[in-house]
Amino acid sequence: MLTDAQKRTLVTIARGAVRGAAGAAPATIDVDGGLPAASGGFPAASGAFVTITRGGQLRGCIGTLQCLRALPEEVRRVAVGAAREDPRFPPLTAAELDDLEIEVSILGPLESIDPIDPAAFEIGRHGLVAEQGSRRGLLLPQVATEQRWDRETFLSQTCVKAGLPHDAWRGGARVFRFDAEVFRD
């Protein structure tokens with residue numbers, strides 16, 4: 001579990017990386033954030049995502065399910081990806097920086113579930129991953145809450161995100177759940 005200081009540091013790192021990726025001067029922040037409470041104490045994480053919104057609308061979201069570097073470095077890397085590489089949007093520009101909201105999601109381990117079991121996951125607490133063959137899709141826990149989806153819609157939309165038929169969770173696709181710490185500035 002992250003401390004409040006670590007959360008602030010990760011959001012600051014993400015915001016600085018987004019600014020730099022958009023062509024503005026990035027904030028100079030070391031990976032420990034220069035905060036004594038955050039130094040060297042970042043826990044291991046299974047994954048990290050950075051979501052950028054502008055005016056309440058999604059502007060970019062990229063992440064990883066496998067943190068290969070220290071958490072601050074992974075957050076910096078996926079923040080740059082969210083600003084430049086989300087295929088749904090053109091790269092972010094410096095003109096868009098003033099009104100951005102930055103949200104960081106730190107993922108816990110994936111747990112295989114039986115999606116037919118009504119107790120397999122909880123809306124608002126768990127995110128989902130659906131995979132079949134080389135296709136894989138992920139939806140963060142807050143997506144189901146924001147969209148007011150019920151459990152079947154959440155499962156179906158996760159399959160669609162993976163490029164699978166909406167009902168692939170009923171047979172063929174493997175489904176995983178995960179917890180996430182989600183925070184923003």
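Which element gives the most to the lining of the largest pocket?

Modeller: The element that gives the most to the lining of the largest pocket is β2, with six residues. Before going further, please note that this is a predicted model, in which local features need pLDDT of at least 70 and side-chain atom pairs count only at pLDDT 80 or more, while totals for chains, interfaces and linings use all residues. Residues are numbered from 1 along each chain as its sequence is written, and side-chain values use heavy atoms, with hydrogens and water left out.

The terms for the pocket come next. The search runs on a 1 Å grid over the protein atoms alone, where a pocket is an open set of points with protein on both sides within 12 Å along at least five of seven lines, whereas a cavity is a set of points where a 1.4 Å probe fits but cannot get out; lining residues have an atom within 4 Å of a point. Grid points are joined across faces, edges and corners, and a volume is the space filled by probe spheres set on the points. On these terms the largest pocket holds about 820 Å³ of space. Its lining comprises 31 residues, and those that lie nearest its centre are Leu58, Cys61, Arg88, Val143 and Lys161.

Elements are DSSP runs numbered from the N terminus, helices being H or I with at least four residues and strands E with at least two. At least two lining residues come from each of β1 (47–54), β2 (57–64), β3 (100–107), β6 (135–139), α3 (141–147) and α4 (151–161). Sorted by class, the lining has 13 nonpolar, 10 polar and eight charged residues, where Ala, Val, Leu, Ile, Met, Phe, Trp, Tyr, Cys and Pro count as nonpolar, Asp, Glu, Lys and Arg as charged, and the others, Gly among them, as polar.

Some individual residues in these elements can be described further, with buried meaning under 20% relative accessible area, exposed over 50% and partly exposed in between (1.4 Å probe, protein chains only). Lys161, one of the residues nearest the pocket centre, is placed in helix α4 and counts as partly exposed at 44% relative accessibility. Taking contact as heavy atoms within 4.5 Å, and not counting residues up to four places away in sequence, Lys161 touches Arg88, Gly137, Leu138 and Leu139; Arg88 is likewise among the residues nearest the pocket centre. Between Lys161 and Glu131, which are 30 residues apart along the chain, the C-alpha separation is 10.0 Å.

Helix α4 also holds Thr158, which counts as buried at 1% relative accessibility. With residues up to four places away in sequence again left out, Thr158 touches Leu128, Val129, Ala130, Gly137 and Leu139. Its C-alpha atom is separated by 26 Å from that of Met1, 157 residues away along the chain.

Arg148 sits in the loop between α3 and α4, where its phi is near 60°, a positive value in a residue other than glycine; Arg148 is exposed, with a relative accessible area of 77%. In strand β2 lies Gln57, which at 56% relative accessibility counts as exposed.

As for the whole chain, the protein has four helices and seven strands, and from the N terminus on the elements run α-β-β-α-β-β-β-β-α-α-β. The radius of gyration is 17 Å, close to the 16 Å that the globule rule gives for 185 residues, so the protein is as compact as a globular protein of that length; the radius is taken over C-alpha atoms, and the rule is 2.2 Å times the number of residues to the power 0.38. Along its principal axes the C-alpha trace spans about 50 × 35 × 30 Å. Of the 185 residues, 46% count as buried, and among contacts between residues at least 6 apart in sequence, 69% join residues at least 24 apart.
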